[in-house]
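Work through the exercises below on charged side-chain pairs. Try each task before reading its solution.

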Amino acid sequence: MSHDPVFEPGSEAIYTLRTTAPGPSGRLPLEAEQLRAMSSGELFGMTQNAGMGWEPARLLGKQFLVLSTQGGIRAPDGAPIALGYHTGHWEVGLLMEEAARTFTASGAIPFAGYVSDPCDGRTNGTVGMLDSLAYRNDAAIVFRRLIRSLPTRRGVLGVATCDKGLPAMMMALAGSLDLPTVLVPGGVTLLAEEAEDTAKVQTLAARFARGEVSLDHAAEMGCRACGSPGGGCQFMGTAATSQVVAEALGLALPHGALSPSGAEIWRDLARRSAHALMALERRGVTTRDILTDDSLHNAMVLHAAVGGSTNLVLHVPAIAHAAGLRRPTVDDWARINALVPRLVDVLPNGPRHYATVQVFLAGGVPEVMLHLRELGLLRLDARTVSGRTVGENLEWWERSERRRRLRDKLQQLDRIDPDDVILSAGKARERGLTSTVTFLRGNLAPEGALVKSTAIAPQGIGPDGVYLHEGPARVFGSEHAAIEAIKTGAVQPGDVMVLIGIGPGIGMPETYQITSALKHVRDGHRIALVTDGRFSGVSTGACVGHVSPEAWAGGPIGRVRDGDRVRLRIDTRRLEGTVDVVGVDASGLAARSPSPALQPDGRVNADTRLWAALQDASGGSWGGCVYDAERIIGLLGRAIAAERSSSGA
């Protein structure tokens, strides 16, 4: 009979067993009065620490918790034993190691915990995307529970990189107001030589289906896009924008965002962040001192200046809510975007499309801040985890050797002038860099919508900075139907794709495969998109999202019919505009029945349905898709009381 690996042992060694062992040597460093006052949990914690091999004589050191979104199993040489979901969390364990060794060398005791994160790129166009945004809230809750479950921790170091894990980590740190916390951005992947970037490769299937690339090209480019095994994507999408926002909030050290994963400068950030956390703890500085209305202002200003992902309109309010601060409104975003010029030329916005690692070498966040300081747009007194204010950080950066040497390095390595990557306001204006986000109204979006106006194809924008498009609606009730229409050529230049029923009611999945296809297929820039869903941070073109009310809430977008004339007017300078069905007023739209394309998606799971209901009760997408516990409890209490009253109970 052949060997059955499921039932038969692989080696006789499995039968070498014992039921007792001597246990750790030594003794707990306890004093009589200390022991009398100890809780059983604190004492058992010391026992567990010794059991895991920590030297008993060193058990009185201050305890610091290192949390991360680490995923996969790496061999010591970096080879994969089990793959992670994405490069963004593949190497962050190395940052944890550097930080932990720094704590230990300082006489402290490091603890580590993990909540891994999904990859929006991997789930785009799949049922997995229905869990993406909802995951963020779940992860933030688990991170906070892990923080509270180590009651002896003196501070928390968060290490995270990508689209949902990093916002979740920031929400968790923001919710730990009475502790010192520091965020270590997990960095970015390098550009691959003679290859497409990680944004463009995601359009290979659509381009191949339309006969625009060969199978050989698709197979080779799809393999080679990641220049290094770790780090977030090479463009200013949600991952990179979240790193920028973390630094702008003051939660990360100056010039911490967008560091090249695996490099020594990246490892050094983890070591310095551990020192910063211990210094904050010694001085009694907590997250409450760092996260303020001023730091939120700075984060929103940086978001506009780098041309950041529209997904941060969801995440920044969520971070504010976790910190107990006023959540920024649509009007706040519109006001700041009207004030702040875009100063960074980076993928996907252009015009020259530099990579995020090149933005880092050009000076990253502090270099952008120097220009913003000159324009008077920053709150310079906001405190940061460096122990200094934003203004003091910039005084250091301006004269630092680090700034000079890294900007020189960009010229040496890539022959790129750093002032072409991060521009002054005047130079940005000359190069035609337009502001980041325009907020729209109209009979299709009475409660608002947004467009990443900086990513609209320049050839579609008039000399007055206005994008005008009017065309027949092509209505789709699912992302699958929409991408098939693009692949088969069923939508034509001049059309307006109206994608309905993918708002918060079903999890607000990201529609990157649609928006990226429209960028990279022939004549795609002449097709507009209007949806109640959201986009990847790398979205391009005239793509209007976050249309509210959504179709499932009875919004007018759910009543559009094929052939309706839809008009978009987007003023990329004044940052205002409209999205309307022509020839039909609001009452006429309201009188219509829902579109036949609006059909329930049976793939939406119970977990996401619960998330959708809770976030809707808490302010919806414009409020950050958060859980407002007090409001939810109040609504439930009234509903339960009404139910009991009606039943006579």
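## Salt bridges

Glu-98, Glu-264, Arg-267, Asp-268, Arg-271 and Arg-272 are joined in a network of salt bridges (a side-chain nitrogen of Lys or Arg within 4 Å of a carboxyl oxygen of Asp or Glu). The model is predicted: local features need pLDDT of at least 70, side-chain atom pairs count only at pLDDT 80 or more, and totals for chains, interfaces and linings use all residues. Residues are numbered from 1 along each chain as its sequence is written, and side-chain values use heavy atoms, with hydrogens and water left out.

**Exercise 1.** Find the closest N and O distance between Arg-271 and Glu-264, then classify Arg-271 by accessibility.

*Solution.*
1. The closest N and O atoms of this salt bridge are 2.4 Å apart.
2. Arg-271 has 23% relative accessibility, so it counts as partly exposed (buried is under 20% relative accessible area, exposed over 50%, partly exposed in between; 1.4 Å probe, protein chains only).

**Exercise 2.** Which parts does the salt bridge of Glu-281 and Lys-62 tie together?

*Solution.*
1. The closest N and O atoms of Glu-281 and Lys-62 are 2.8 Å apart.
2. Glu-281 lies in helix 10 (residues 264-283), and Lys-62 in the loop between helix 2 (40-51) and strand 1 (63-68), so the pair ties together parts 219 residues apart in sequence. Helices (H or I, at least four residues) and strands (E, at least two) are DSSP runs, numbered from the N terminus.
3. Glu-281 is buried at 13% relative accessibility; Lys-62 is partly exposed at 33%.

**Exercise 3.** How many salt bridges does the structure hold?

*Solution.* The total is 34.
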